[in-house]
Amino acid sequence: SFLWTSNGQGYLLDDTYIPDTMLFQKKEFLNGEIAAPDPIIRNPEIIQYDLKLASLEVERKLKKQYLLPKLDLKVSALSRNSNLFGVLDGYQLEDNFKTGIDFSYPIFTRHAKAELEANKIKTENLQLDQKEKIREYTLKLQRFQSEYSVLSRQLSEVNKVVQNASALLEYENFKFRQGESTIFLINNRETKAIEARLKELAFLEKMLITTSKIKWISGEWINE
């Protein structure tokens with residue numbers, strides 16, 4: 001049994017139970033058509049490269065700060081009664097405050113430059129990896145799309161076979177009611193109709209799998 005109660009006990013459905021097929025939704029891609037995915041790959045693995053590149057850019061800006069000169073302006077009061085804001089009211093800055101300027105420039109910059117160069121190499125390598133991954137996924141996407149197109153055409157032909165087999169079975173039943181056929185012929189027609197339907201379902205399954213691959217590699221499943 002594949003059904004269980006809330007207590008974990010096996011549960012068997014009544015023989016008269018009929019499932020509500022209205023709960024099953026027919027996917028749009030089952031009609032043999034599928035919209036072409038956005039050419040921009042939105043796969044999480046591709047997006048991950050963008051995040052890593054953004055992180056390296058922040059790191060580059062931070063390391064670059066170590067190469068910049070430093071300029072500090074210092075102002076200190078000569079007495080407790082001195083008020084810096086009083087300068088704006090007419091006080092002389094040189095009479096009430098001590099001012100100074102500190103300027104410095106890093107002498108030993110080899111370490112900072114080496115880190116910047118390493119950051120540049122990491123960024124270039126990561127960009128190359130991202131381009132290669134996009135190329136790989138683009139080729140896979142094209143292959144899956146071609147596979148889907150072939151399956152769609154094949155399914156269209158199988159649909160015709162199913163319709164013909166169903167029509168022949170119905171006609172054989174009509175002949176049987178008229179006394180012009182036999183149970184053996186009806187069973188033969190029914191077997192062929194079932195085989196055609198099973199083949200149709202097999203193609204539908206392949207199309208579902210291929211569609212899932214397309215949505216995964218293009219990142220469309222994220223928006224669903």
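This is a predicted model: local features need pLDDT of at least 70, side-chain atom pairs count only at pLDDT 80 or more; totals for chains, interfaces and linings use all residues.

Colleague: What is the mean pLDDT of the protein chain?

Modeller: pLDDT is the predictor's confidence in each residue, from 0 to 100. Here the chain has a mean of 78, and 72% of its residues reach 70 or more. Residues 22-26 fall below 50, and that stretch has 0 contacts (heavy atoms within 4.5 Å) beyond near neighbours in sequence. Residues 30-37 are also below 50, with 17 such contacts in the model.

Colleague: Okay, on to helices. How many residues does α1 have?

Modeller: Helices are DSSP runs of H or I with at least four residues, strands are runs of E with at least two, and both are numbered from the N terminus. α1 has 21 residues and spans 30 Å from its first C-alpha to its last, close to the expected 30 Å. That expected span is 1.5 Å times one less than the number of residues. At the start of α1, a side-chain oxygen of Asn-43 comes within 2.9 Å of the backbone nitrogen of Glu-45.

Colleague: Which residues of α1 are buried?

Modeller: Buried means under 20% relative accessible area, exposed means over 50%, and partly exposed is in between (1.4 Å probe, protein chains only). In α1 the buried ones are Ile-46, Tyr-49, Leu-53, Leu-56 and Lys-63. Looking down the axis of α1, they fall within an arc of 90°, so they line one face of the helix. The arc is taken from the directions from the helix axis to the C-beta atoms. What covers these buried residues includes α3. On the face turned away from the buried side you'll find the exposed residues Leu-51, Val-58 and Leu-62.

Colleague: How many salt bridges are there?

Modeller: A salt bridge is a side-chain nitrogen of Lys or Arg within 4 Å of a carboxyl oxygen of Asp or Glu. That rule gives a count of 8. One of them joins Glu-57 and Arg-60, at 2.8 Å from N to O. Both lie in α1, 3 residues apart, about one turn of the helix. Glu-57 is partly exposed at 31%, and Arg-60 is partly exposed at 28%.

Colleague: What about Glu-132 and Arg-135?

Modeller: Their side chains meet in a salt bridge at 3.9 Å, N to O. Glu-132 and Arg-135 are 3 residues apart in helix α3 (residues 110-177), so about one helical turn separates them. Glu-132 is partly exposed, at 44%.

Colleague: And which residue forms a salt bridge with Glu-172?

Modeller: That's Arg-189, with the closest N and O atoms 3.5 Å apart. Glu-172 lies in α3 and Arg-189 in α4 (residues 183-218), so the pair ties together parts that are 17 residues apart in sequence. Glu-172 is buried at 5%, whereas Arg-189 is partly exposed at 26%. Elsewhere, salt bridges that share partners join Lys-133, Glu-136 and Lys-140 into one network.

Key:
Residues are numbered from 1 along each chain as its sequence is written. Side-chain values use heavy atoms; hydrogens and water are left out. A polar contact is a pair of N or O atoms within 3.5 Å; within protein, one must be able to donate a hydrogen and the other to accept it, and residues adjacent in sequence count only if both atoms are side-chain atoms.
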